[in-house]
Amino acid sequence: MKPLLTSIALATSLLAVPVSAKEKPPVFVEAKPVKDSKAAVTINPAKAYVYVRTPNAMPLHFVRIPSADDQAAYEKLKAAAFVEAREDYEKALKKYERDLALSKQSSGLKKPKKPVEPTEANFQFLSFGQLANFTVGTFNRFQSKGGSSYLHEVTPGTYRIYGQVDPLLGFGVCYCMGSVTFEANAGQVTDLGSVGPDPANSEPPEKGDSSSPRFAANAFAWTPVDGETAIDPRLAALTRVPADFRAAGKTPNYMGIAISRIPAISGVIGYERDKIVDLKAQNGTALAEAASQ
Amino acid sequence: MHKLSRALVAGVCVLSGVAVQAESTELSASPFGAVEFDAAEVASLQMPKLEFTATPEDAGNYDKYYYFRRNDTDFATAYADITECDGYARALVSSFKGADVPYPYAGTLAGAAGGVIANAMMAAIFVPGEKRRMRRVNMRQCMGFKGYERIGLSKELWEEFNFEEGTGAEEEESRLKALKLQALVAASAPAAGKVLPR
């Protein structure tokens, strides 16, 4: 089995029938790991690269923030799915009416259940993020000896750090109650910094406390790159930029996993209870006000 | 109907995991949209009984049976908070928008990409006991972030206004009734009892 298994690739492979017989479903994100090798890395100028240091092998999931084109494609997809659902409903309704008539003729037959009519108000469709995402790890580390890191080639765009989870495994932690986004631009390595245990939340739960979020929903801290951050020599010749993290809002827990939030990042995101504080925006406003005085 | 103003993303996330979350000016808004309640119904709610004499067995089960409370919190705020947390804690997020029955799309592309995979995996991995535990974990995490205290309760009293989800989802009507009672407790219970770790 090839190591590259993004959720999008899996989704595509599982399609019994495309959205329309004539149309291929859109692939919003393509991603693959850059393998560990002694050679210097060569990059594809049309692709973006994300690099992250981790304490060990672990999964990290990212969802794409839709561009205007993405949004239009998504809406088209959703509309096509709605049409399909309506067609399915019409068939189910006819079957229901047939079965109902039969059940009235025979006392031994159970009354059929009327199908629910799909409407624009009740129609549930996947979120864009469920269709446009990529997962880094657990396998295919870029560095696994003397440190740990991942380097992934991805479709350029803006991404949200969704959490510490591989959807294929189905358990992990969602940063549902606060996270950050960053841009990954073509032809360069976007350095996400380091991920590691959060010192402010590293105490073990009390003995016997089976529902403590401390262990089950423990979010790792993200430390952005600074002047002291070591750089893998294999990346030295490439254009590298520190990720410009921006505070992002809450998101549904569509994988049904443990929930948390990305720990506060100095100058980027903070919290007042569950209120997300966009520190970068605050700093920008403060600087703009100072400049205008 | 009393409409909460805290959740401002109505129309963006009409149904759970359904729509693209457009950029919101309110980062902290619930991703599940605004919640509504009938003020008359809320006025008729009876405050659940919380007083009891704790036995060692009760104290040993406080990781399962507890309630949330917070000072200076009105019912509307508590209900918005507890329904948001319930949204993260239920197996698959769902709408709180009321009477319409959600129509889950299980067609070609959509079914393959997310829900079907997630559902199958959750069913395979999480036995009912684990699902119940994870619900507690997520409720504690979410309500803890929101600054609510957690107070231990006996199982008998807890069962009067709470529910567990292991093998199946709680019916929507009884779910909302329980969430309203939990919100009533969260907003009105006096500061009493041992405050447990979040």
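User: How many Å apart do the C-alpha centres of domain 1 of chain A and domain 2 of chain A lie?
Analyst: This is a predicted model, in which local features need pLDDT of at least 70, side-chain atom pairs count only at pLDDT 80 or more, and totals for chains, interfaces and linings use all residues. Residues are numbered from 1 along each chain as its sequence is written, while chains are lettered from A and ligands numbered from 1 in the order in which they are written. Chain A is divided into domain 1 (7-66 + 132-203 + 214-265) and domain 2 (68-130), with bounds that come from an automatic or database domain assignment. The separation of their C-alpha centres is 36 Å.

User: How do the residues on the side of domain 1 of chain A that touches domain 2 of chain A divide into nonpolar, polar and charged?
Analyst: Contact is counted where C-beta atoms, placed from the backbone, lie within 7 Å, and on that basis twelve residues come from domain 1 of chain A and eleven residues from domain 2 of chain A. Ala, Val, Leu, Ile, Met, Phe, Trp, Tyr, Cys and Pro count as nonpolar, Asp, Glu, Lys and Arg as charged, and the others, Gly among them, as polar. The side belonging to domain 1 of chain A then divides into nine nonpolar, two polar and one charged.

User: Is Gly170(A) buried or exposed?
Analyst: Gly170(A) is found in the loop between strand 7 (157-166) and strand 8 (171-174) of chain A, where strands (E, at least two residues) and helices (H or I, at least four) are DSSP runs numbered from the N terminus. A residue is buried if 20 or more other C-beta atoms, placed from the backbone, lie within 10 Å of its own, exposed if 12 or fewer, and partly exposed in between. Because Gly170(A) has 20 C-beta neighbours inside 10 Å, it counts as buried.

User: Why is helix 3 of chain B described by the word it is given relative to helix 8 of chain B?
Analyst: Helix 3 (residues 75-89) of chain B and helix 8 (residues 172-188) of chain B pack with their axes 8 Å apart, at an angle of about 130°; axes are lines fitted to C-alpha atoms, for helices over the stretch in contact, and angles run from 0 to 180 degrees between N-to-C directions. Angles under 35 degrees count as roughly parallel, over 145 as roughly antiparallel, 65 to 115 as roughly perpendicular and the rest as oblique. The angle therefore makes helix 3 of chain B, relative to helix 8 of chain B, oblique.

User: How do the residues of the contact of helix 3 of chain B with helix 8 of chain B divide?
Analyst: Residues in helix 3 of chain B, including Phe75(B) and Asp86(B), meet residues in helix 8 of chain B, among them Leu179(B) and Lys180(B). The residues of this contact divide into nine nonpolar, two polar and two charged.

Definitions and conventions
Two residues are in contact if their C-beta atoms, placed from the backbone, lie within 7 Å.
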